[in-house]
Amino acid sequence: MTAEAGAPPASRRAFLAGTGAAAAGVAAAGLLGGPLTGTARAAGPVCPPGNFAPIPGSALGPPVNADGYFAGQIKGDLYWVTDSFYTAMFLTTRHGVVLVDAPPTIGHNLLRAIGAVTQANGRPSQVTHLVYSHSHADHIGASILFGPDVVRIGHSECRTLLLRDNDPNRPPPDVTFDDHFTLTVGGETLLLDFHGPNHTPDNIFIRAPAQQTLMVVDVIFPGWVPFKQLAVSQDIPDWIQAQDVAMSLPWDTLVAGHLGRLGTRDDAELQIAYVADLQASAQATMASLYPAPFFEQFGNNAWAIFKAYLDAASAQTAAPVTAKYLGNLAAADVFTVDNAFALLEFALRVDGGVLGPFGIHP
Ligand SMILES: [Zn+2]
């Protein structure tokens with residue numbers, strides 16, 4: 001690391017150069033959802049953490065270039081861009097570019113990628129429309145780079161949340177919808193649909209029908225287990241259901257918002273199987289793990305009893321699932337205990353009403 005501890009690197013490119021991640025095109029670990037600061041990533045050149053299993057090669061995307069990004073064609077006028085942690089997509093049209101999401105970690109590389117692609121295909125490079133998948137800063141925090149004149153489009157709840165957040169980097173969408181919006185620009189079309197809350201109350205499904213592509217963010221993680229606690233989703237039963245909503249739509253290619261490669265229907269099916277296995281294991285755990293020892297151990301400390309019980313239940317739920325998926329889904333050993341907790345606490349206990357030993361009426 002070239003930056004002094006506590007001093008943020010001057011730019012993401014400088015940061016990546018310091019870690020060696022840009023040249024290697026590999027995950028530098030731990031950047032999801034966090035700001036890029038020297039204090040957050042004070043470690044030296046990337047060395048894989050020794051206590052986690054290696055990442056299967058199939059989970060990784062193409063190497064990024066010297067600027068720290070990769071841009072590729074999906075089909076026709078639809079392209080995607082990644083820094084190997086986040087993904088966005090854009091449609092080049094006769095009248096300008098429609099961009100979906102503006103992750104701050106890709107930042108100015110969005111403009112570099114769009115400039116390079118439109119120079120090659122002869123279409124105008126101006127970004128005229130910016131679609132927000134949802135309000136979270138880690139996916140749209142570079143919105144401000146596209147100036148005051150870009151037409152921002154999102155769910156009506158996205159506008160409500162962004163008015164609340166009052167973040168200058170994320171201007172609220174000017175064009176909003178509740179259920180469905182067809183966006184046609186310069187002969188190209190995106191279909192925007194809301195199927196209820198899942199990861200957030202405003203997360204939408206974005207389809208490019210001519211290119212058989214779906215973009216839905218923070219729901220499916222191609223090649224990897226879901227991020228901590230099932231993508232820190234606000235509604236776990238609806239997040240689980242959102243996986244099935246995705247499968248009910250016609251598409252061949254998935255832009256998932258995270259990590260460094262595109263997804264397939266097989267990727268989505270594998271994650272659905274992982275979550276179903278977690279659910280079955282959670283149910284078995286609820287039926288077999290009794291909290292009596294924790295009452296004995298912690299006496300009148302109710303929170304300590306619950307913490308010990310939930311920690312033990314999460315570990316017991318995760319163990320067979322981690323063993324089954326390690327080698328097939330990257331980082332199964334990193335987040336499966338956290339994912340088991342989300343499954344247990346929400347899908348089963350408080351939303352599902354499956355309370356195990358805590359559901360027996362006195
Ligand atoms: Zn999010």
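What follows is a friendly set of questions and answers about this predicted model.

Reader: Let's start with the seven-stranded sheet: which strands stand at the edges of it?
Author: Happy to begin there. The seven strands form an open sheet in the order β1-β2-β3-β4-β5-β6-β7, and the pairing is mixed. A strand at either end has a single partner, so one side of it is left without a neighbour in the sheet. The edge strands are β1 (70-75) and β7 (175-177).

Reader: In which sense do β4 and β5 pair, parallel or antiparallel?
Author: In general, strands of a sheet pair through backbone hydrogen bonds, in one sense or the other. Here Val-97 stands opposite Val-127 in β5. Four bridges join β4 (residues 97-100) to β5 (residues 127-131), and the sense is parallel.

Reader: Now the five-stranded sheet: what is its average twist from one strand to the next?
Author: Five strands make up this open sheet, in the order β8-β9-β10-β11-β12 with mixed pairing. At the edges are β8 (180-185) and β12 (253-255), each pairing on one side only. From one strand to the next, the twist averages 20 degrees.

Reader: Which residue in the turn of the β10 and β11 hairpin has a positive phi?
Author: The two strands pair in the antiparallel sense over three bridges, and Arg-207 has Leu-214 in β11 as its bridge partner. Four residues lie between the strands of this hairpin. The residue in the turn with a positive phi, about 50 degrees, is Gln-212.

Reader: Is Gln-212 buried or partly exposed?
Author: Gln-212 sits in the loop between β10 and β11. A residue needs 20 or more other C-beta atoms within 10 Å to be buried, and 12 or fewer make it exposed. Because Gln-212 has 15 C-beta neighbours inside 10 Å, it counts as partly exposed.

Reader: And Asp-218, buried or exposed?
Author: Asp-218 is found in the loop between β11 and α6 (228-232). Its phi is positive, about 65 degrees, although it is not a glycine. With 26 other C-beta atoms within 10 Å, Asp-218 is buried.

Reader: Last topic: how do α7 and α8 run, roughly parallel or roughly antiparallel?
Author: Helix α7 (residues 236-248) packs against helix α8 (residues 265-288) at an angle of about 155 degrees, with the axes 10 Å apart. Angles over 145 degrees count as roughly antiparallel. So α7 and α8 are roughly antiparallel.

Reader: How many of the residues in the contact of α7 with α8 are nonpolar?
Author: Ile-240, Gln-243, Ala-246 and Met-247 in α7 meet Ala-268, Gln-271, Ile-272 and Val-275 in α8. Among the residues of this contact, two are polar, none is charged, and the number of nonpolar ones is six.

How values were computed: Residues are numbered from 1 along each chain as its sequence is written. This is a predicted model: local features need pLDDT of at least 70, side-chain atom pairs count only at pLDDT 80 or more; totals for chains, interfaces and linings use all residues. Two strands pair if DSSP finds at least two bridges between them. Axes are lines fitted to C-alpha atoms, for helices over the stretch in contact, and angles run from 0 to 180 degrees between N-to-C directions. Angles under 35 degrees count as roughly parallel, over 145 as roughly antiparallel, 65 to 115 as roughly perpendicular and the rest as oblique. Two residues are in contact if their C-beta atoms, placed from the backbone, lie within 7 Å. Ala, Val, Leu, Ile, Met, Phe, Trp, Tyr, Cys and Pro count as nonpolar, Asp, Glu, Lys and Arg as charged, and the others, Gly among them, as polar.
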